[in-house]
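Me: Please start with the words I need. Then I will ask about one thing at a time.

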Amino acid sequence: MRLLYRAVLRIAKSVDPDGLDPQRSVAESTFDITSVIYDTLLEVDEEGNLGPGIAESYELSEDGLSLKFVIKKDLRFHNDRVLNAQAVKESFERLLEEESPRAKHYANIKDIKVLGDHEIEFQLE
């Protein structure tokens with residue numbers, strides 16, 4: 001689905017963000033803005049419950065060491081690139097790079113496997 005209009009979002013902040021790349025920042029001012037620009041695998045509702053984001057469902061193994069997500073179909077990035085399991089894997093691999101200030105928050109990810117176009121599995125430790 002393509003957008004047929006152009007939207008403008010204006011946000012007033014007392015502190016400038018240090019960028020608009022949430023994988024390369026830990027500043028709260030950045031996340032205040034990027035949280036309304038970028039989507040996540042899951043969303044958290046007002047009661048703290050997890051619900052669908054770009055993932056339509058997820059499953060945690062009984063031992064807690066495997067986490068599978070089913071990605072919604074027909075999603076695209078702003079540049080019209082397909083958003084599928086491979087794109088999610090690439091995004092997490094970038095997040096886990098040594099130069100990412102957020103890598104330590106995801107250090108429990110041991111491996112990421114694309115199981116199909118819309119299914120991905122994270123092996124945890």
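Reply: A residue is buried when its relative accessible area is under 20%, exposed when it is over 50%, and partly exposed in between (1.4 Å probe, protein chains only). The model is predicted: local features need pLDDT of at least 70, side-chain atom pairs count only at pLDDT 80 or more, and totals for chains, interfaces and linings use all residues. Residues are numbered from 1 along each chain as its sequence is written, and side-chain values use heavy atoms, with hydrogens and water left out.

Me: In which order do the elements of the protein chain run from the N terminus on?

Reply: Helices (H or I, at least four residues) and strands (E, at least two) are DSSP runs, numbered from the N terminus. The protein chain has two helices and six strands. Read from the N terminus on, its elements give the order α-β-β-β-β-α-β-β.

Me: What share of the residues in the protein chain is buried?

Reply: The C-alpha atoms of the protein chain fill a box of roughly 45 × 35 × 30 Å along the principal axes. The chain has 125 residues, and the buried share of them is 27%.

Me: The structure holds aromatic pairs; what kind of pair do the rings of F69 and F122 make?

Reply: Rings of Phe, Tyr and Trp (its six-membered ring) pair if their centres lie within 6.5 Å; planes under 30 degrees apart are stacked, over 60 edge-to-face, and the rest tilted. The structure holds four aromatic pairs. In the pair of F69 and F122, the centres are 5.7 Å apart and the planes stand at 90°, so the pair is edge-to-face.

Me: How many residues apart in sequence are the parts that this pair, F69 and F122, ties together?

Reply: F69 is in strand β4, which covers residues 66–71. F122 is in strand β6, residues 119–124, so the pair ties together parts of the chain whose separation in sequence is 53 residues.

Me: What kind of pair do F92 and Y106 make?

Reply: Their ring centres are 6.0 Å apart. Their planes are at 80°, so the pair is edge-to-face.

Me: How many residues apart are F92 and Y106?

Reply: F92 sits in helix α2 (residues 85–95). Y106 sits in the loop between α2 and β5 (109–116), and this pair links distant parts of the chain, with a separation of 14 residues.

Me: Is Y106 buried or partly exposed?

Reply: F92 has a relative accessible area of 17%, so F92 is buried. Y106 has a relative accessibility of 25%, so Y106 is partly exposed.

Me: What is the phi of D74?

Reply: D74 lies in the loop between β4 and α2. At 71% relative accessibility, D74 is exposed. D74 is not a glycine, although its phi is positive, at about 65°.

Me: Where is the place of D80, and what is its phi near?

Reply: D80 is in the loop between β4 and α2. With 27% relative accessibility, D80 is partly exposed. Its phi is positive in a residue other than glycine, with a value near 80°.

Me: Which side chain meets that of D80 in a salt bridge?

Reply: A salt bridge needs a side-chain nitrogen of Lys or Arg within 4 Å of a carboxyl oxygen of Asp or Glu. The whole structure has three salt bridges. In one of them, the N to O distance is 3.7 Å and the partner of D80 is R76. With a relative accessible area of 43%, the residue that counts as partly exposed here is R76.

Me: What is the N to O distance in the salt bridge of R81 and E90?

Reply: R81 is partly exposed, with a relative accessible area of 40%. E90 is also partly exposed, at 34% relative accessibility. Their side chains meet at an N to O distance of 2.6 Å.

Me: By how much of the helix are E93 and K89 separated?

Reply: E93, partly exposed with a relative accessible area of 38%, forms a salt bridge with K89. The closest N and O atoms of the two are 3.8 Å apart. E93 and K89 are four residues apart in helix α2, so their separation is about one helical turn.
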